[in-house]
Amino acid sequence: NGTLAEVDGPALEASLSWPNGIAVGPNQDRLYTNDFINRASPTLEVPPKPVFSIRQITLASLADALAKSFAEGGIEGLEATYRQWRSSPSAATFFVEWNINRIGYQFLTGGQIEAAVKIFTLNVEANPDSWNGYDSLAEAQAAAGRREEAIRSYKRSLELNPKNENGRRKLEELEAE
């Protein structure tokens, strides 16, 4: 926020002293900085006593934004938020296949099956050559009771990666029903 201080928190509230290193957390929702802090006023008799501290800044989270928009506006709200974030200049930061896939699984394991189907659908729309994207979409479609759609998605996954044994096994199970 421009104030010289040592405060973790949301991006507009966090403050640093002398940042000299930076890293993004694995979920891309945290920014970590190495903050050099000089704890004592140096004199000729007392040299400076530097302390290094890792500061944490909470970044905007695509997963949180999608969950909120789904809660408030259903599938349409979720898709609108996804497309809005996707069109932003920083989209490359958030819109990597594995990250969108991870968000889809957050919805799926949280029981929000239709939201998961939508996220996985948007992910394969953006990554049409991703066997893993189609495998995940098929899993969500099967959970939603969309058997025929799941079969098509598993088949596409196997076209892209014939070594996908999980997809092959799941496809055989669906076709046997």
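First, the rule: rings of Phe, Tyr and Trp (its six-membered ring) pair if their centres lie within 6.5 Å, with planes under 30 degrees apart counted as stacked, over 60 as edge-to-face and the rest as tilted. By this rule there are two aromatic pairs.

This is a predicted model, so local features need pLDDT of at least 70, side-chain atom pairs count only at pLDDT 80 or more, and totals for chains, interfaces and linings use all residues. Numbering runs from 1 along each chain as its sequence is written, and side-chain values use heavy atoms, without hydrogens and water.

Pair one is Phe70 with Phe107. They sit edge-to-face, 5.9 Å centre to centre, with 75° between the planes. Phe70 is in helix 1 and Phe107 in helix 3, so the pair ties together parts 37 residues apart in sequence. Helices here are DSSP runs (H or I, at least four residues), numbered from the N terminus. Both Phe70 and Phe107 are buried, meaning under 20% relative accessible area; exposed is over 50%, partly exposed in between (1.4 Å probe, protein chains only).

Pair two is Tyr105 with Phe120, also edge-to-face: 5.0 Å and 65°. Tyr105 belongs to helix 3 and Phe120 to helix 4. Tyr105 is partly exposed at 24%; Phe120 is buried at 0%.

Now the packing. Helix 5 and helix 6 pack at about 165°, axes 8 Å apart. Axes are lines fitted to C-alpha atoms over the stretch in contact, and angles run from 0 to 180 degrees between N-to-C directions.

Terms used. Helix = DSSP H or I, 4+ residues; strand = E, 2+ residues; numbered from the N terminus.
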